[in-house]
Amino acid sequence: MSRRKIIAGNWKMNKTPSEAVALVNELKPLVANDDVDVVFCVPAIDIVPVVAAVKGSNIQVGAENMYFEESGAYTGEIAPAMLVDAGVKYVVLGHSERREYFGETNDDVNKKVRKALEHDLVPIMCCGESLKQREQGVTMDFVRQQVKVGLQGVTAEEAKKVVIAYEPIWAIGTGVTATTEQAQEVCAAIRVCIKEVYDGATADAIRIQYGGSVNAATAGELFAQVDIDGGLVGGASLKPEFGDIVNYK
Ligand code: PGA
């Protein structure tokens, strides 16, 4: 089965609202490509102006996080309905920076994934091992646990819509991209895990991205792998280079 590629930028904590609009206007012509899904995941405060700025283009807007309750006394959090109402289609959940600096657990990620799906938001659920875990030979065990717990209580029909981003922590923001073989190996293992939990059709449908220092030089080879359906791109998504990544072919 052929899965449509999805190439998402993760802006992280960069760009004020006015800078965000300027960046969208700069990148808009560069990322024009109707053959792939192009998503800009932006800071919460940039969402409203970015949704307005991408109007009429092929760019869809994602959030970088979301809370798992509907509304209420959760000072500082953003509810799924707020994202939907603002025009958001995707939401990055369980990024390693959220896990590391803000204590997010697999159970938190699972609650967020289920809540996002309830609201028809597409979760981009992140997973990935640390350098220590890779050296200890537990990469697959660790990633499988993240994926299995993250998707607990999610039906096969819902899981087909989920995007999984495999991002080895040692490759994020370091300039060290995983080798094509390393990235393909883990993405393939994630697909096997999905097949075990659900079925072959779900495993065939689910899109798995690679993330971690993706750049214009590495994107083509990575995205050509059978189990890699695009990328989650940090640093390079803030530059004109993102246009070359989106148009990697
Ligand atoms: P990077 O970030 O491309 O800057 O390594 C990727 C990510 O954290 O999503």
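Me: Which residues come nearest to the ligand?
Reply: This is a predicted model, where local features need pLDDT of at least 70, side-chain atom pairs count only at pLDDT 80 or more, and totals for chains, interfaces and linings use all residues. Residues are numbered from 1 along each chain as its sequence is written, and side-chain values use heavy atoms, with hydrogens and water left out. There are 13 residues around the ligand, counted when one of their heavy atoms lies within 4 Å of it. Those that come nearest are Lys12, His95, Glu167, Gly173 and Ser213.

Me: How many Å is an oxygen atom of the ligand from a polar backbone atom of Ser213?
Reply: Polar contacts here are pairs of N or O atoms within 3.5 Å; within protein, one must be able to donate a hydrogen and the other to accept it, and residues adjacent in sequence count only if both atoms are side-chain atoms. The side chain of Lys12 has an N or O atom 2.7 Å from an oxygen of the ligand. For the backbone of Ser213, the distance is 2.7 Å.

Me: Which side chain of opposite charge is nearest to Glu167, and how far away is it?
Reply: Glu167 sits in the loop between strand 6 (163–166) and helix 9 (180–197); helices (H or I, at least four residues) and strands (E, at least two) are DSSP runs, numbered from the N terminus. Glu167 is buried, meaning under 20% relative accessible area, with exposed over 50% and partly exposed in between (1.4 Å probe, protein chains only). It has no salt bridge, which would need a side-chain nitrogen of Lys or Arg within 4 Å of a carboxyl oxygen of Asp or Glu. Lys and Arg count as positive, Asp and Glu as negative, while His and the chain ends are not counted; the nearest opposite charge is on Lys12, at 6.4 Å.

Me: Within what arc do the buried residues of helix 11 fall?
Reply: Helix 11 (residues 216–223) buries Ala219, Leu222 and Phe223. The arc is taken from the directions from the helix axis to the C-beta atoms. Seen down that axis, these residues line one face, because they fall within 80 degrees.

Me: What is the relative accessible area of Asp120?
Reply: Asp120 lies in the loop between helix 5 (106–118) and strand 5 (122–127). Its phi is positive, near 65 degrees. Asp120 is exposed, because its relative accessible area is 62%.
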